[in-house]
Amino acid sequence: MLPLKRSFVYALVGNLIGGAYIGFTNAAAYRTGGLGIFSVLNMIDPDGTVSMNVWNTVIGYVIAIVIGFALQMIMPVPLLDKASSEKDTKNDKENTATADELLESASEEIIGSPLTGKVLSLTEVPDEVFSSEALGKGIAINPTVGEVVAPANGKITALFETGHAIGITTESGTEMLIHIGIDTVEMRGVGFDALVEKDQFVSAGQTLIRFDINAIKEAGYSPIVPIMVTNTNDFVDVIMTKELQIEKGDYLLTTLKQQERGL
């Protein structure tokens with residue numbers, strides 16, 4: 001009640017009078033325990049008797065409630081009300097964004113991780129197509145579990161026959177390409193099992209592809225998975241996680257999109 005000055009003052013007055021009554025009747029607490037209304041149980045006699053000790057405490061509580069309520073309803077204090085009202089109005093003005101600020105603000109979409117493993121920057125990917133960000137900004141994961149899940153709700157927009165790469169467009173318009181391993185197209189689908197189809201709508205966390213990490217390594221290829229936002233130019237910025245290890249479904253990246261006028 002601290003921001004409500006009048007209500008707070010009236011509560012103090014009610015508690016003062018109710019507390020004075022309890023003190024005047026020499027009510028005693030025999031134990032420590034509950035707070036507030038539950039502290040009435042502390043007033044029960046050691047032998048379990050509900051004596052006037054308890055009832056005087058209850059009466060004191062009732063006095064505090066009745067007086068506080070009555071003062072609140074019948075005795076307004078304009079100066080206190082005005083001070084609170086002016087402060088609230090000032091805070092509202094300070095915390096309200098202008099129309100220009102709203103237009104300049106950006107909407108964001110938070111994307112989850114489609115894999116479990118060690119987080120790497122794209123510059124660490126041993127393929128210039130990915131490390132140069134030619135396909136868009138992104139991040140890479142060295143997987144410890146051979147499973148790719150949907151990073152968000154969306155539609156499968158690309159699925160290679162070999163199952164080594166998949167594209168998804170989220171409901172908010174983020175276009176992503178998940179490429180399992182480096183040069184793994186040469187494996188011709190061996191060790192990859194796609195569980196979805198192109199143009200299929202998927203839910204965040206839904207398994208999209210299972211793959212054999214050991215088979216990729218035995219074939220002489222890197223299992224690192226680059227994850228790119230292929231429509232990077234549609235966004236103000238793409239912010240990556242700072243974590244070094246990640247589980248599927250954990251926060252991976254955020255895309256920031258400029259809001260259009262009229263929104």
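Predicted model: local features only at pLDDT ≥ 70, side-chain atom pairs only at ≥ 80, totals over all residues.
User: How far apart are the end C-alpha atoms of helix H1?

Analyst: Helices here are DSSP runs (H or I, at least four residues), numbered from the N terminus. H1 covers residues 5-24, and its 20 residues should span 28 Å at 1.5 Å a residue; that expected span is 1.5 Å times one less than the number of residues. The model agrees, with the ends separated by 29 Å.

User: Which exposed residues does H1 carry on the face turned away from its buried side?

Analyst: Buried means under 20% relative accessible area, exposed over 50%, and partly exposed in between (1.4 Å probe, protein chains only). The buried residues of H1 are Arg6, Ser7, Tyr10, Ala11, Gly14, Gly18 and Ile22. They cover an arc (directions from the helix axis to the C-beta atoms) of only 140°, so they lie on the same side of H1. The face turned away from them carries Leu16 and Phe24.

User: Which residue in E10 stands opposite alanine 194?

Analyst: Strands are DSSP runs of E, at least two residues long, and two of them pair if DSSP finds at least two bridges. E8 and E10 (residues 207-211) pair in the antiparallel sense over three bridges. Opposite alanine 194 stands isoleucine 209.

Notes. Residues numbered from 1 in each chain as written. Heavy atoms only, no water.
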